[in-house]
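Take a look at the structure first, then read on.

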2 protein chains.
Amino acid sequence: MYTIGQLAKTSALSRSTLLYYDSIGLFSPSGRSSSNYRTYTDADRARLEQICTYRRTGLSLRDIGRIMKTRGRQGLVPLLEKRLDELSREIRALRSQQHFIVKLFKNDRAISRIRVMDKGSWIKLLETAGLDEAARDKWHAEFERLAPEAHQDFLEALGIPVKEVALIRKYSRGGRRE
Amino acid sequence: MYTIGQLAKTSALSRSTLLYYDSIGLFSPSGRSSSNYRTYTDADRARLEQICTYRRTGLSLRDIGRIMKTRGRQGLVPLLEKRLDELSREIRALRSQQHFIVKLFKNDRAISRIRVMDKGSWIKLLETAGLDEAARDKWHAEFERLAPEAHQDFLEALGIPVKEVALIRKYSRGGRRE
DNA sequence: CATAAACTATGAAGTAGTAGACAGGTCAAG
DNA sequence: CTTGACCTGTCTACTACTTCATAGTTTATG
């Protein structure tokens, strides 16, 4: 049996958060003491750990609540797949902010060190390591075959415009260069 | 002279957003019509475009407000540098969610295709392209020299634990492989 | 056994940025 | 002059919490 403070300390969540989870019906204590204090059992703890696991995926509390209510975790997989898509979009958005800031800096004053890789720096890197253009083409082709989505993400992460990304990928799949 | 609806349509911001910007004092119309409607001028439009530019960097509205109030954009550069740091942290957090989901999937059922690259897939890719271990070492060393922060980000993006990242980078800087 | 420290409860309000509800104003057509 | 379409202003809700205020309870100390 734990009070809310004890549970907070051992679960790396704040007391406020536990109160909030109770208030929205996501995670309520299984009982109350004579003085109306919330009392949590070990079974509650296990439930909370499940919730924390799902939280590490970035699922919304609402979705987590839905999963916890159904037994057998039915519907979990599609939710996680949706979350993966969301994550790609979110990361892409942040990447584009990075590149935009770097561009602003460039117009202003030469930025001393490279914080964010772009296409030019990347190619230079591969060349230094000994990959010529033919080898790079092969690398793209293999990337595209192995993990098309990750290939797309990677190219966009270099700040390459969407249209050019499409061209590169098409070529990687065996199309003719433009 | 524009009304709020006209400005919204031509600025790719919603009416709600313009109303909110007015309510927090970030972007207010320069006048009101006889019927108390907000009236915006072309000068207002220019101001709004500035705001949109800063928004594309992900700066908070509060920070944007501060920048707009000072002329000469004094203090902009440190704010953007802070934002770059924030962006790295945010992207790192999202990527750790990605890797966590992929790990969950792996325990559950074999995921058919690779959406998120990990260390193993990456090495395989470089090998296929013709980079042996020595060449990869050289590649790391060059990456570290050219853009240490980006190198760190990249390694973490592959889901490599922070400690191992530190080791790789140390070795890249000329340390001995233990 | 009294007192203080440290806990607990509830409720309200704040955060960022947007979406939507609602009541009322404006304008053209009939 | 009225109808309807479209506009406007203000206010509320949302996420996932945190912070604060106020009041009651338990625990440790002297």
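How many salt bridges does the rule find across the interface of chain B and chain A? The rule finds 4. This is a predicted model.

## Charged and polar links

One of the salt bridges joins D85(B) to R115(A). The closest N and O atoms of this pair are 3.2 Å apart. Salt bridges here pair a nitrogen of Lys or Arg with a carboxyl oxygen of Asp or Glu within 4 Å. The D85(B) and R115(A) atoms, at 3.2 Å, therefore meet that cut-off.

Polar contacts were counted too. Between chain B and chain A there are 6 residue pairs in polar contact, with both residues at pLDDT 80 or more.

## Which parts touch

Four helices of chain B each give two or more residues to the side that touches chain A. They are helix 5 (76-108), helix 6 (119-129), helix 7 (133-146) and helix 8 (148-157). Helix 5 of chain B gives the most, with 19 residues.

What kinds of residue make up this side of chain B? By class, there are 24 nonpolar, 8 polar and 14 charged residues.

## The area buried

The size of an interface is often given as the accessible area lost when the parts come together. Chain B and chain A bury about 4,900 Å² between them. Of this, 72% is on carbon and sulfur atoms.

Three residues stand out: L84(B), R115(B) and L146(B). Together they supply 14% of the area that chain B buries against chain A, more than any other three residues. In terms of contacts, 46 residues of chain B meet 46 residues of chain A.

## How the copies are related

Two copies of a chain are related by a rotation about an axis and a shift along it.

A12(B) is not a glycine, yet it has a positive phi of about 65°. A12(B) sits in the loop between helix 1 (4-11) and helix 2 (15-23) of chain B. Its relative accessible area is 75%, so A12(B) is exposed.

N36(A) also has a positive phi, of about 70°, without being a glycine. N36(A) lies in the loop between strand 1 (31-32) and strand 2 (38-39) of chain A.

Note on methods: Residues numbered from 1 in each chain as written. Chains lettered and ligands numbered in written order. Predicted model: local features only at pLDDT ≥ 70, side-chain atom pairs only at ≥ 80, totals over all residues. Heavy atoms only, no water. Buried < 20%, exposed > 50% of the residue type's maximum accessible area, 1.4 Å probe, protein only. Contact = heavy atoms within 4.5 Å. Buried area = accessible area lost by both parts, 1.4 Å probe. Salt bridge = Lys/Arg side-chain N within 4 Å of Asp/Glu carboxyl O. Polar contact = N/O pair within 3.5 Å; in protein donor to acceptor, adjacent residues only side chain to side chain. Nonpolar A, V, L, I, M, F, W, Y, C, P; charged D, E, K, R; others polar.
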